Amino acid sequence: MTFSATDHEHMARALALAERGLCTTTPNPRVGCVLVRDGHIVGEGWHARAGEPHAEVHALRAAGEQARGATAYVTLEPCSHHGRTPPCADALIAAGVGRVVAAMQDPNPRVAGQGLARLRAAGIDTASGLLEAQARELNIGFIARMTRGRPWLRVKSAATLDGKTALDNGASQWITGEAARLDGHRWRARACAILTGIGTVRADDPQLSVRGVPCERQPRKVLVDARLEVSPQARILAGCDCLIATASTDGKRAARLHDAGAEILVLPNDAGKVDLGALLGELAGRGINEVHAEAGFGLNGSLLNEGWADELLMYYAPLLVGDAAQGLFRLPQLETLEAARRLRVIDLRMLGSDLRLIARPEN
């Protein structure tokens with residue numbers, strides 16, 4: 001399929017609209033729609049929140065009668081099933097649009113090509129694949145949950161240039177500057193859940209909330225605490241619904257934490273620790289698309305070593321603190337460099353005086 005420069009322009013606009021729902025659409029995908037007739041945009045919209053109208057409906061309402069014969073540029077295949085809202089494919093058919101261009105097919109098995117097929121059956125010209133790579137990045141968590149049954153897991157950490165996250169005495173605030181810290185909160189805001197471990201809670205007593213950037217809803221907090229050692233007074237439990245994944249069956253500790261507002265999920269593995277794979281599966285079942293992990297080198301190492309980490313979000317400050325300080329990942333000792341985990345860098349930029357690197361495991 002060959003797309004024109006005009007097609008590219010309007011789909012880029014649809015993607016920009018979809019991004020407005022970056023922090024609000026969970027568990028739904030982020031979708032934008034642009035309606036074009038006679039070379040002019042006659043309607044546009046984006047999906048903002050689950051349960052509210054989808055992008056296509058907003059665009060059709062804006063266009064009114066001008067939607068008839070128009071081309072609809074949609075960042076995701078129009079849905080074909082009844083969920084919280086009626087099928088968008090039916091709405092486009094009823095409005096009499098003449099052509100629908102989707103950036104990508106919907107990975108949801110309940111749609112998966114059926115939306116476009118319904119449009120074609122109604123005599124509407126359809127195409128897909130325009131700016132698909134950008135559309136997939138925008139909904140990388142939704143795609144992961146739909147195709148493999150677990151969320152996209154992003155591990156965030158701030159370190160010195162010699163790879164240290166804290167001094168040997170535990171001091172870590174602040175390694176990076178204000179610009180990098182604010183950027184970290186933007187990544188928190190787009191996530192559905194923030195994951196940490198009991199070691200980080202004991203050392204730093206973090207809030208793990210989104211601060212300093214616009215955020216209509218706070219991501220759910222998830223704590224990995226194999227022995228239920230967290231204090232009921234810990235700040236991670238304050239003011240929100242926190243999920244604690246544990247291997248412990250200590251009823252008294254669980255009751256105290258439940259009274260503090262936490263939900264307890266018992267998921268032991270054979271080693272008496274938390275089964276991280278089972279935890280991610282549970283989160284996917286609850287509609288969690290993206291998990292943002294901010295933990296210490298122990299949990300970070302487990303996430304990477306067990307293959308659960310999809311992406312590393314690393315901030316490096318121009319500091320050197322020496323060999324005795326705490327590192328980034330607890331990983332098994334290697335005998336050869338060939339056994340090292342190889343990463344693919346997908347983004348590299350400066351934030352103030354700090355360096356931000358985004359990388360993904362090659363496999």
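Let me begin at the end of helix α6, which is followed by G149, a residue whose phi is positive, near 75°; helices here are DSSP runs of H or I with at least four residues, strands are runs of E with at least two, and both are numbered from the N terminus. What we are looking at is a predicted model, in which local features need pLDDT of at least 70 and side-chain atom pairs count only at pLDDT 80 or more, while totals for chains, interfaces and linings use all residues. Residues are numbered from 1 along each chain as its sequence is written, and side-chain values use heavy atoms, with hydrogens and water left out.

Staying with α6, which covers residues 140–148, we find that I140, G141, F142, I143, A144 and R145 are buried, where buried means under 20% relative accessible area, exposed means over 50%, and partly exposed is in between, with a 1.4 Å probe and protein chains only. The elements that cover these buried residues include α5, β6 (152–160), α10 (276–285), β11 (290–293) and β14.

Now to the domains. The assignment for this chain gives domain 1, residues 5–142, and domain 2, residues 150–361, and such bounds come from an automatic or database domain assignment. Their C-alpha centres lie 34 Å apart, and 13 residues of domain 1 are in contact with 11 residues of domain 2, contact meaning heavy atoms within 4.5 Å.

How many cavities of 30 Å³ or more does the structure hold? There is 1, and about 70 Å³ of space lies in this largest cavity. Among the 15 residues that line the cavity, T25, T26, N28, R30 and N289 are the closest to its centre. For the terms, the search runs on a 1 Å grid over the protein atoms alone; a cavity is a set of points where a 1.4 Å probe fits but cannot get out, a pocket is an open set with protein on both sides within 12 Å along at least five of seven lines, and lining residues have an atom within 4 Å of a point. Grid points are joined across faces, edges and corners, and a volume is the space filled by probe spheres set on the points.

Why can we place this cavity between domain 1 and domain 2? Both domains give residues to its lining, so the cavity lies between them. By class, the lining has 5 nonpolar, 6 polar and 4 charged residues; Ala, Val, Leu, Ile, Met, Phe, Trp, Tyr, Cys and Pro count as nonpolar, Asp, Glu, Lys and Arg as charged, and the others, Gly among them, as polar.

The second largest pocket holds about 760 Å³ of space, and of the 31 residues that line this pocket, E19, L22, L138, W187 and R190 lie nearest its centre. Its lining draws at least three residues from each of domain 1 and domain 2. At least two lining residues come from each of α5 (132–138), α7 (178–190), β13 (343–351) and β14 (354–361), with α7 giving the largest share, 5 residues. The lining divides into 14 nonpolar, 3 polar and 14 charged residues.

Let me take a residue from β13, namely L343, which is partly exposed, with a relative accessible area of 38%. Not counting residues up to four places away in sequence, L343 touches L312, A359, R360, P361 and E362.

M11 and A135 are 124 residues apart in sequence, yet 9.7 Å apart in space, C-alpha to C-alpha.

Finally, the record. An unreviewed UniProt entry carries a "binding site" annotation on a set of residues including A158, W174, T200, D204 and G301. These annotated residues are spread over 145 residues of sequence and also in space, up to 24.8 Å between C-alpha atoms. UniProt positions are given in the numbering used here, feature names are shortened, and annotations may be inferred rather than shown by experiment.

Two of them deserve a look. T200 is found in helix α8, residues 198–204, and is buried at 14%; leaving aside neighbours within four places in sequence, T200 is in contact with D205, P206, E294, A295 and G296. G301 lies in helix α11, residues 297–305, counts as buried at 0% relative accessibility, and touches F329, R330 and L331, again not counting residues up to four places away in sequence.
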